[in-house]
Amino acid sequence: MRILLGVSSGIAIYKAVDLVSRLRKKGYELKIVMTPNATKLLSPVVFSSVGNCPVFIDPFEVKDGWIPHTELSRWADVLVIAPATADTIAKIATGRADNLLTLVALAFNRASKVIVPTMNDRMYGNPITQRNLITLKDNGWLVLEPEEGFLACGDWGKGRYPDNEVIEEAIHMVTWEKPLKGYKILVTAGPTREHLDPVRFISNVSSGKMGYALAKVAKRLGGHVCLISGPVSLSPPPFLDEFVKVISAEEMKREVLKRYENMDVIVMNAAVADYRPSTYSKSKIKKDMESFSLSLVRNPDILKELGKKKDNKVLVGFSAETENFEENAWEKLKEKNLDVVVVNDVRRTAGSDTAEVVILTKEGDKKRVGPYDKEVIAFHVFDTVVNILRRSHGEDR
Ligand code: CTP
């Protein structure tokens with residue numbers, strides 16, 4: 001993918017250098033356009049060296065008929081402007097084209113364009129800037145919201161450059177096809193914790209990485225996505241429509257059931273604890289006994305309950321195994337009335353960024369995927385889901 005990064009003269013410009021470094025490491029083809037004012041803050045040499053790519057500034061540097069603004073806007077698959085100052089935003093919103101970046105923006109006619117406003121909070125909150133941003137949204141730009149926090153001017157407010165991870169995700173959002181558009185997807189992730197007192201619990205090794213990757217990818221594919229997550233140390237993926245935090249299996253069941261009717265696809269990736277302590281002590285249990293035995297009771301099987309309702313939902317389960325992988329997974333698929341089951345060797349995948357899985361479907365299909373990054377695995381899972389949706393709803397949605 002060819003990314004054209006436009007850089008204007010926000011103080012957050014130094015953060016765009018890290019963006020360039022990240023994009024280069026991911027192997028994207030990069031070219032950069034800087035406004036003349038941006039070059040007063042940071043030398044083009046920094047961007048050129050970090051990105052190992054050309055930096056363009058002057059619209060009049062026409063060589064052998066190569067006209068920078070038309071050629072660059074034709075070359076790029078995606079245009080990202082980060083940081084975007086209030087002035088650059090105003091110019092693009094009103095169709096002005098007085099430097100190479102605004103010329104390129106005017107000439108770029110694809111839907112894949114992302115803009116990252118960063119400025120003082122009063123400038124950002126000014127109705128004129130807000131109106132300009134609405135104009136950009138109406139013209140197909142994905143406008144990222146600045147973060148709130150300490151600003152370079154010493155004020156506290158909304159205007160900060162977001163995490164580069166969010167910008168990277170925005171690039172996926174504007175470039176991926178949207179086969180899940182119009183579908184509501186519920187994903188569960190992470191472990192559950194079953195407390196025996198306020199400070200102690202039983203749980204499992206799930207890191208939540210697979211579930212978070214699934215939610216991210218569902219969003220990139222255009223779904224309306226709700227992620228219900230047990231306790232994990234990950235930040236919620238950007239652009240989700242709903243994010244719900246839970247602790248116990250009972251809580252997860254409640255939150256899933258509340259939304260079930262409204263959903264088209266439910267992906268139960270959470271490693272729900274099968275048992276919980278039979279009693280809960282409101283105060284911390286003291287170590288005044290020589291030995292301590294813990295009595296456990298069965299937790300509800302959320303997915304099995306969903307399978308009993310089923311309706312016309314697509315149900316996807318995960319099968320965490322350490323042996324007899326496929327045999328156990330086929331059984332779970334039947335027992336829980338699922339459409340898809342994803343089998344993995346939990347000893348190898350828990351906590352890791354990669355996984356190797358087998359995707360089984362009700363129709364008896366079997367697909368081995370990986371070892372790949374969990375986002376790639378997530379894509380294959382939704383590829384299977386999209387095929388099922390197409391078969392049951394036709395191509396017309
Ligand atoms: N699951 C669930 N509620 C539970 C346990 C599991 O909804 N109480 C879901 C998981 O989210 C997963 C699927 O059921 O999608 C299979 O989970 P897994 O732990 O592999 O199997 P179990 O059904 O718990 O059976 P076992 O632990 O005996 O392998």
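Modeller: Strand β10, residues 194-197, pairs with strand β11, residues 200-202, in the antiparallel sense, and the pairing runs over 3 bridges. The two strands are joined by a hairpin that passes through 2 residues, and if you look for one of the bridges, you will find His195 with Phe201 of β11 as its partner. Please keep in mind that what you see is a predicted model. As a general point, strands of a sheet pair through backbone hydrogen bonds, and they can do so in a parallel or an antiparallel way.

An open sheet is formed by 8 strands with mixed pairing, in the order β13-β12-β9-β14-β17-β18-β19-β20. Its edge strands are β13 (242-245) and β20 (366-373), each of which pairs on one side only, and from one strand to the next the twist averages 15°. Within this order, β18 (residues 340-345) and β19 (residues 354-361) pair in the antiparallel sense over 5 bridges, and there Val343 stands opposite Val358 in β19.

Two helices pack on the sheet. Helix α10, residues 209-220, touches β9 (184-189), β12 (224-229), β13, β14 (265-268) and β17 (314-321), and its direction makes about 170° with that of β12. Helix α11, residues 249-260, also packs on the sheet and touches β9, β12, β13, β14 and β17, with a direction that makes about 165° with that of β12.

Another cis peptide bond runs from Ala82 to Pro83, with omega near -5°, and Pro83 lies in strand β4.

Strand β4 (78-84) in turn belongs to the cover of a helix, for what covers the buried residues of α5 includes β4, α6 (100-107), β5 (113-117), α7 (121-125), α8 (127-138) and β6 (141-143). Helix α5, residues 86-93, has 6 of its 8 residues buried, and so it is largely enclosed by the rest of the structure. The buried residues are Ala86, Thr88, Ile89, Lys91, Ile92 and Ala93, and after the helix comes Gly95, whose phi is positive, near 75°.

Asn52, in the loop between α3 (44-51) and β3 (55-56), has a positive phi of about 50°, and Asn52 is exposed, with a relative accessible area of 58%. Asp64, in the loop between β3 and α4 (68-75), has a phi near 45°; Asp64 too is exposed, with a relative accessible area of 85%.

Of its 397 residues, 48% count as buried. Among contacts between residues at least 6 apart in sequence, 66% join residues at least 24 apart.

Technical notes: Residues are numbered from 1 along each chain as its sequence is written. This is a predicted model: local features need pLDDT of at least 70, side-chain atom pairs count only at pLDDT 80 or more; totals for chains, interfaces and linings use all residues. Side-chain values use heavy atoms; hydrogens and water are left out. Buried means under 20% relative accessible area, exposed over 50%, partly exposed in between (1.4 Å probe, protein chains only). Contact means heavy atoms within 4.5 Å. Two strands pair if DSSP finds at least two bridges between them. Helices (H or I, at least four residues) and strands (E, at least two) are DSSP runs, numbered from the N terminus. Axes are lines fitted to C-alpha atoms, for helices over the stretch in contact, and angles run from 0 to 180 degrees between N-to-C directions.
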